[in-house]
Amino acid sequence: MPFLTEGASLPASDQTQLRGLYRILARETNVSDLLQYLSDEDPQPWNDLIGFVPTTISREFKLARVDQRRGIKGTADLVLQDPEDRELLIELKLGHSFSQDQRERYEASTDGRLLLAGLAADEALVQAEDRWEFLPLAAILDAWRTSDSPAAASLATTVSAVIKLWDADVSAVLVPSGSPRRRALDSIRHKFLARVVSRHIADEVAQRGWESGAGVTSGGGLAIVQAWAHIRGDEHRCFIAEVRWWEDMGGGELRLGVDYHLPETRESRAETWELATDMEADIRIDALRAALLAHHPALAQLVVSTGSGRPVTRGDWLTVVELGFRAKDNPDGVKGNRRNHNPGFVGDGTQRYEAVSPLDFTKASAPDLVELIDACLKYLCNRLPPG
């Protein structure tokens with residue numbers, strides 16, 4: 001497929017022909033390099049965006065450390081200098097989190113302007129009272145669609161169409177149910193966009209007071225949102241609720257249960273196993289659905305399974321609790337893994353015990369998953385045995 005020309009759109013039938021471009025644009029460093037290329041071809045479009053034509057456009061400007069903190073300083077994605085040598089630092093985001101540490105390193109590195117560029121949904125990462133300005137990436141690219149450089153204009157037109165499509169897809173699943181613009185999660189068909197959505201979900205869950213994070217499965221690169229409730233304030237002893245996308249991107253699954261992060265010892269394994277067995281009647285999908293039907297009936301409709309959501313026991317789990325799994329630092333442990341020795345719960349290692357259910361992504365939006373994860377953690381906390 002050739003690059004698009006000014007005024008053209010991106011037909012749905014042609015989107016599969018841009019799979020390689022999708023993968024290229026999914027990396028923030030690649031998009032920063034693209035902006036430098038466009039700027040080198042024709043710096044004039046920056047004038048309408050930021051009020052000046054830069055005389056210098058630099059990549060990966062080293063940032064300052066804050067309060068003598070150790071570790072990598074990090075770099076600014078782009079630095080633009082005006083004719084009076086004043087600078088504007090640009091951080092590019094594609095659905096990633098914008099940590100307070102990274103923000104402070106930018107702010108300590110310049111007295112000049114600070115600009116966050118990203119997908120439309122990333123505007124929520126900066127507030128009006130901040131030093132930061134925000135520009136949607138689509139608007140930045142649109143500025144080059146009428147460039148005097150034919151190469152820059154053609155490339156910017158094609159890439160802008162892709163970014164606008166991403167903006168529309170992500171924004172539609174982030175709006176609450178009931179909105180006329182709302183689309184269900186099964187409309188997201190690209191792994192990268194699912195990761196963008198998962199990061200927004202994790203941020204919303206964190207605002208509910210839970211520890212949360214968004215990642216990907218090892219090997220498959222599928223999006224995961226995980227959230228933890230600290231048991232009696234201990235960050236190493238937690239309940240977990242997580243949502244994992246499936247390979248076909250048309251659905252996903254919910255997991256919830258006990259998740260400890262203690263040193264691998266007999267005592268820690270026994271303690272985790274004891275809590276899981278004490279809550280055996282609660283770490284079940286049918287028990288969760290009953291609680292949701294009573295208090296959150298709309299959320300209950302998203303949870304497909306009506307059974308326990310737990311596998312059949314296999315092997316000798318009590319020996320695993322006693323000795324652990326065999327590893328380099330544990331040569332006397334039990335040979336195998338959870339496929340050979342299953343305690344009757346889903347999970348990894350020896351300190352995670354969960355139940356699992358498919359989720360109906362044809363009915364769920366991102367806010368629904370925020371509500372579901374929040375409800376699952378509250379459900380588990382309310383059933384914590386006394387002690």
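A salt bridge is a side-chain nitrogen of Lys or Arg within 4 Å of a carboxyl oxygen of Asp or Glu. In this predicted model, the side chains of E84 and R86 meet that description, with N and O 3.2 Å apart. Both E84 and R86 are exposed. This pair is a handy place to begin, and the structure holds 28 salt bridges.

Another such pair is formed by K164 and D142, whose closest N and O atoms lie 2.9 Å apart. Here the partners come from distant parts of the chain, 22 residues apart: K164 belongs to helix α6 (residues 150–174), and D142 to helix α5 (residues 137–142). K164 is partly exposed, with a relative accessible area of 36%, and D142 also counts as partly exposed, at 26% relative accessibility. A further salt bridge joins the side chains of D360 and K363, at 3.9 Å from N to O. In this pair D360 is buried, because its relative accessible area is 18% and buried means under 20%. K363, in turn, is partly exposed, with a relative accessible area of 42%.

Attention can now turn to the strands, starting with an open sheet. Five strands make up this sheet, in the order β1-β2-β3-β4-β5, and their pairing is mixed. At its edges are β1 (56–62) and β5 (132–136), each of which pairs on one side only. From one strand to the next, the twist averages 30 degrees. β1 and β2 (residues 75–81) run antiparallel and are joined by six bridges. Within this pairing, K62 has T75 of β2 as its bridge partner.

Two helices lie across the strands of this sheet. Helix α2 (residues 28–41) lies across β1, β2 and β3 (87–93), and runs at about 155 degrees to β1. Helix α4 (residues 100–109) lies across β1, β2, β3, β4 (113–118) and β5, running at about 165 degrees to β3.

The side chain of S109 reaches the backbone oxygen of R105 at 2.6 Å. Leaving aside neighbours within four places in sequence, S109 is in contact with F61, L63, A64, E87 and L89.

Strand β7 (residues 223–231) pairs with strand β8 (residues 234–245) in the antiparallel sense, over eight bridges. W228 finds its bridge partner in I240 of β8. The hairpin of β7 and β8 has two residues between the strands, and in this hairpin R232 takes a positive phi near 55 degrees. β8 also pairs with strand β9 (residues 252–260), again in the antiparallel sense, over nine bridges. In this case R244 has E253 of β9 as its bridge partner. Six residues sit between the strands in the hairpin of β8 and β9, where M249 takes a positive phi near 65 degrees.

The pairing continues from β9 to β10, two strands that run antiparallel and are joined by eight bridges. G252 stands opposite L359 in β10. Strand β10 (residues 352–359) is mostly covered, with six of its eight residues buried.

The cysteines complete the description. A disulfide is a covalent bond between the sulfur atoms of two cysteines. For a pair to count here, the sulfur atoms must be within 2.5 Å, and by this rule the count comes to zero disulfides. C376 illustrates the point: the closest cysteine sulfur, in C381, is 11 Å from the sulfur of C376, which is too far for a bond. C381 is likewise in no disulfide, as the nearest cysteine sulfur, that of C238, is 9.7 Å away. C376 is buried, with a relative accessible area of 0%, whereas C381 counts as partly exposed, at 31% relative accessibility.

Methods:
Residues are numbered from 1 along each chain as its sequence is written. This is a predicted model: local features need pLDDT of at least 70, side-chain atom pairs count only at pLDDT 80 or more; totals for chains, interfaces and linings use all residues. Side-chain values use heavy atoms; hydrogens and water are left out. Two strands pair if DSSP finds at least two bridges between them. Helices (H or I, at least four residues) and strands (E, at least two) are DSSP runs, numbered from the N terminus. Axes are lines fitted to C-alpha atoms, for helices over the stretch in contact, and angles run from 0 to 180 degrees between N-to-C directions. Contact means heavy atoms within 4.5 Å. Buried means under 20% relative accessible area, exposed over 50%, partly exposed in between (1.4 Å probe, protein chains only). A polar contact is a pair of N or O atoms within 3.5 Å; within protein, one must be able to donate a hydrogen and the other to accept it, and residues adjacent in sequence count only if both atoms are side-chain atoms.
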